[in-house]
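Please keep the sequence and the model open beside it as you read.

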Amino acid sequence: MRALTRVFRQEAGAYFSSPVAYLFIGTFLAVTLFIFFWAEAFFARNIADVRPLFEWMPILLIALVAALTMRAWSEERRSGTVEVLMTAPVPSLAVIGGKFLAALSLVAVAMLLTLPLALTAEFLGPLDRGPVIGGYVATLFLAAAYVAIGLFVSSRTSNQIVSLIVTVLIGAGLYLLGSEWLTALAPPAIAEVMRLVGTGSRFEAITRGVLDLRDVYYYVSLVGLFLALNVYSLEKLRWGGDRGGARHHVAWRTAVALVAVNFLVANLWLQPIAWARADITADNRYTLSSATDLYLSSLEEPLVIRGYFSRKTHPLLSPLVPQMQDLLQEYAVRGGDRVNVAFVHPKEDSEAISEASQRYGIEPVPLQTASRYESSVVNAYFNVLVKYGDNHVVLGLDDLVDIKGGPGGDVQVALRNPEYEITNAIREVIYQWRSGGDLLARLDEPVTFKGYISADERLPDKLVTLRKDLERMLETMQKESSGKLEVEFADPQADGGKLAERLRSEYGFRPLTTSLLGNERFYFHMVLQQGERTVPVELPSKLEKADLRKALEAGLKRFGDGFTKTVAVYQPSPGPRRRFGMSGGPSYRTLMQTLRENAEVVPTDLSKGDVPADSDLLLVLSPKDLDEKQRFAIDQFLMRGGTVIVAGSPMQVRISRRAGVQANSVSTGLEDWLAGYGIKVEDRLVLDPQSGALTLPTRSSGGGLRMQTLDYPYFVDIRQSGLADLPMLRGLNQVTMAWSSPVSVDSDEAGDLDVTPLVHSSARAWTSDATDVLPDYQRHPERGFAEPESRGEQTLAVMAEGRFTSAFKDRESPLATSEENGDESNGEDTKNAKATKANDNGEPPTVTSVIEHSPSSARLVVFGSGNFLSDSALDITAQSNQTRYRQPVQLVQNLVDWSLEDPAMLSIRGRSQYSRLLRPVSDGTRTVLEATNYAAGLGGLFLIFGIHGAMARRRRRWFERILNKEEG
């Protein structure tokens with residue numbers, strides 16, 4: 001070790017005493033900073049990572065390290081000093097190790113000076129430090145391999161130029177061997193071997209944030225191999241012309257060969273060991289989550305997962321295929337015997353093509369490819385089939401891959417979030433399978449049915465029959481439940497109506513009637529209870545046995561895990577689709593498609609005054625002029641303990657080429673209803689300088705419209721600080737609230753409700769009631785809009801929980817009718833006549849009721865915008881960012897999953913590829929940050945020069961003292 005240390009100090013001192021070190025570091029920093037800010041356009045990418053720092057590192061280090069090591073031994077051989085080293089009492093390994101560590105330390109110092117780039121990314125956004133750490137580790141291992149190669153080549157020649165060229169050729173050959181350029185030309189099996197040998201592909205695997213023992217050892221084996229060859233090369237110099245030691249020479253050759261072979265063969269031995277890895281990303285992006293383990297452990301039948309991947313595919317998709325295969329194999333490992341994973345190459349198997357097309361609807365996707373010599377179209381398969389029992393889900397290219405445009409027309413292709421998509425598909429087929437099985441067997445704890453029903457003499461004939469059907473139905477279910485279902489009936493009107501008073505106080509249940517003119521009042525209320533949780537069962541409007549069973553099963557499913565949930569959605573009727581917007585109303589195709597991934601979506605117009613009986617959640621989008629029946633439907637769904645999400649504003653925005661972007665003041669019909677709970681969506685829109693840069697129509701000097709990219713303050717950019725610290729919002733690092741109104745809360749009106757702000761703007765936001773929301777840079781040159789002096793944080797969404805009181809309390813149900821087109825006669829004879837007439841027609845009576853109070857499990861979420869979820873807003877953001885933008889949709893999907901008590905999926909949905917975005921800053925701030933990084937690099941270079949000068953002066957004084965002592 002002493003010899004190694006002495007050689008290291010001597011070699012490192014030699015580097016820093018000459019211009020070599022400063023030229024190396026200066027060139028390295030200049031090229032790195034140029035690539036980071038200009039070639040890879042860090043600010044234009046708008047992603048909080050340092051991927052541009054490491055993306056070119058395998059190529060950059062080839063030339064720089066070759067230049068650094070070309071004189072390590074060549075100069076020694078040219079000047080004749082190598083003979084001195086060989087005859088010195090210093091082991092060859094110590095000499096080689098000292099030179100190796102000195103060169104590697106120079107690379108480490110250069111990398112240390114790039115840390116300001118990581119600090120800049122962390123200053124501007126939620127930087128994931130895992131890939132940063134992985135990138136620096138990968139760079140050091142890669143540099144170590146290149147240094148070892150350079151030292152060996154330098155030991156074989158006395159010509160520095162030859163050493164430089166050969167080192168570059170070897171390094172470039174190892175890099176190109178695993179690059180997409182060559183692997184795309186080889187069959188998949190051979191291409192995978194090439195990737196394992198290539199230095200660049202291994203480098204990318206570590207820089208993503210996964211420290212895999214196989215990847216780390218690969219670089220260790222290269223270092224060991226070339227250092228061993230270097231030792232042998234120097235030993236041959238020691239032998240000179242000695243022929244007498246032939247046996248000794250053979251022993252050396254044998255030992256070096258064995259060392260080299262062991263270094264290489266160990267790679268093959270380690271290859272099957274996939275578990276020896278550390279996922280150091282912030283959210284363990286590349287490790288199967290506990291949610292996936294949960295669903296795999298709940299399997300009761302074999303799960304089949306098949307990957308349909310073409311051998312000949314698009315070059316950009318080719319490197320994604322082995323990543324998908326590795327992930328699917330991980331499912332096989334985690335699931336054990338319960339999971340069967342297979343890979344199919346459809347074009348090589350006619351039966352596979354037929355089955356994929358006819359049974360599962362899997363078809364190839366035509367993709368255009370181009371090379372230097374030709375342009376062609378490839379029909380490629382990139383699908384995953386998840387099959388459980390008779391149920392299956394197929395994932396395609398759009399589900400698994402994210403395609404993002406870049407500067408200069410470049411395209412970035414990466415896996416989107418495959419674990420979420422695959423696990424969600426597994427969840428869906430499990431739920432489909434369970435929904436078709438025994439409902440009560442899926443319950444973890446017993447459930448009690450309580451029927452609060454009046455005596456038969458008080459019930460209409462239709463309800464007497466329905467009660468008998470109910471009793472028979474419950475008797476059958478109770479026998480089959482194995483003790484999971486208990487049944488209780490009680491007459492609320494018995495014993496002086498004491499139970500009726502308690503029901504009104506606890507549940508808000510009031511007596512029912514068949515119409516406004518009916519004199520009889522009766523009870524027919526049902527609830528399901530499990531512990532302290534109570535779920536009311538709605539009496540079906542048609543009063544049919546099949547509908548009653550459906551309502552009862554819908555209530556039971558709310559107590560069990562593993563059943564498909566139902567989301568009822570009210571939305572305005574969309575008009576004809578146009579390129580930049582809509583005519584009749586906003587469309588929500590992307591939102592609906594996303595919600596269907598986790599739940600069954602049922603559209604409803606609420607016009608009949610009720611919500612579909614099997615609904616677990618009601619989503620109201622951009623409501624407009626809702627009438628009393630529609631309000632009643634929303635109100636009573638909330639009173640039954642459901643979750644209502646309202647996304648709407650009195651300011652609705654339309655986009656057209658002729659008028660541009662225009663806001664219109666409308667009545668949602670929910671103003672008074674929300675005000676009863678202390679919530680008000682104001683008739684204004686929020687503007688915030690913390691906004692997204694979007695391509696929008698703007699007014700030109702001639703009065704026309706032209707498309708221009710600009711900072712648009714109506715698209716409020718919400719970051720983590722603007723999102724409440726709640727489970728359903730974690731993992732959302734950013735969301736754009738487009739054309740949103742502020743939401744205010746009156747605590748007095750809210751009463752005992754627990755109201756929580758979910759989303760809020762920055763403290764620099766303001767509001768405006770202007771209907772023209774296009775920027776006018778002639779009147780307002782800075783931002784295009786008038787900016788008032790008074791600013792402040794604006795709440796954009798709230799959530800209310802607790803025991804709600806119905807807005808229809810102490811009122812008759814709007815569903816109750818007075819017959820005959822609203823005849824307002826109040827005579828007793830008229831009432832009886834009309835009631836009789838209704839019965840004579842043979843039509844079932846219309847049973848109406850008002851639930852006055854909700855259970856404490858009820859939730860109401862109010863967004864100050866329905867615009868931000870519309871296809872037009874998502875399209876504008878996607879076109880401006882050149883990527884598919886789904887963060888607003890993910891926000892609602894998280895709320896839906898949380899409300900439906902499915903938190904497992906929340907833990908993996910936040911792993912989206914482009915969720916870590918930069919914080920918006922001005923062009924001036926960007927210039928300052930870029931200049932600061934250049935200054936930091938230059939300052940670091942001078943600092944190293946100063947430190948080395950100080951150390952050199954210190955050594956000089958030390959030598960002077962020794963000389964003075966000897967002379968004295």
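This is a predicted model: local features need pLDDT of at least 70, side-chain atom pairs count only at pLDDT 80 or more; totals for chains, interfaces and linings use all residues.

1. Let us begin with a term: a charge sits over a ring if NZ of Lys or CZ of Arg is within 6 Å of the ring centre and within 35 degrees of the ring normal. Lys-99 meets this description, lying over the face of Trp-73 at 4.8 Å from the ring centre.

2. Next, take a look at Phe-36, which you will find in helix H2, residues 19-39. Is Phe-36 buried or exposed? Phe-36 counts as buried because its relative accessibility is 0%, and the cut-off for buried is under 20% relative accessible area. Setting aside neighbours within four places in sequence, Phe-36 is in contact with Ala-41, Phe-42, Val-50, Pro-52, Leu-53 and Leu-117. Phe-36 also belongs to one aromatic cluster with Phe-37, Phe-42, Phe-43 and Tyr-934. As for Trp-56, the C-alpha atoms of Phe-36 and Trp-56 are 9.4 Å apart in space, while the two residues are 20 residues apart in sequence.

3. Aromatic rings deserve a point of their own. How many aromatic pairs does a search of the whole structure find? The search finds 27 aromatic pairs. One of them is formed by Phe-54 and Tyr-136, an edge-to-face pair with 5.3 Å centre to centre and 85° between the planes. Phe-54 lies in helix H4 (residues 51-55) and Tyr-136 in helix H10 (residues 129-155), so this pair ties together parts that are 82 residues apart in sequence. Phe-54 is buried, with a relative accessible area of 4%, and Tyr-136 is buried too, with 15%.

4. Phe-309 and Phe-382 also form an edge-to-face aromatic pair, with 5.2 Å centre to centre and 70° between the planes. Here the residues come from strands: Phe-309 lies in E3 (residues 303-309) and Phe-382 in E7 (residues 382-388), so the pair ties together parts that are 73 residues apart in sequence. Phe-309 is buried at a relative accessible area of 1%, and Phe-382 is buried at 3%.

5. Now for a hairpin. Strand E13 (residues 524-530) pairs with E14 in the antiparallel sense, over five bridges. Within this pairing, Gln-529 has Thr-534 of E14 as its bridge partner. Two residues lie between the strands of the hairpin, and Gly-531 takes a positive phi near 65°. Strand E14, residues 533-537, is mostly covered, with four of its five residues buried.

6. Finally, please visit the open sheet of seven strands, which run in the order E16-E15-E17-E18-E30-E29-E27 with mixed pairing. Which strands stand at the edges? They are E16 (599-603) and E27 (754-760); each has a single partner strand, so one side of each is left without a neighbour in the sheet. From one strand to the next, the twist averages 20°. Inside the order, E17 (residues 617-621) and E18 (residues 643-647) pair in the parallel sense over five bridges, and Leu-618 stands opposite Val-644 in E18. As a reminder for reading this part, strands of a sheet pair through backbone hydrogen bonds, either parallel or antiparallel.

Methods. Residues are numbered from 1 along each chain as its sequence is written. Side-chain values use heavy atoms; hydrogens and water are left out. Buried means under 20% relative accessible area, exposed over 50%, partly exposed in between (1.4 Å probe, protein chains only). Two strands pair if DSSP finds at least two bridges between them. Contact means heavy atoms within 4.5 Å. Rings of Phe, Tyr and Trp (its six-membered ring) pair if their centres lie within 6.5 Å; planes under 30 degrees apart count as stacked, over 60 as edge-to-face and the rest as tilted. Axes are lines fitted to C-alpha atoms, for helices over the stretch in contact, and angles run from 0 to 180 degrees between N-to-C directions.
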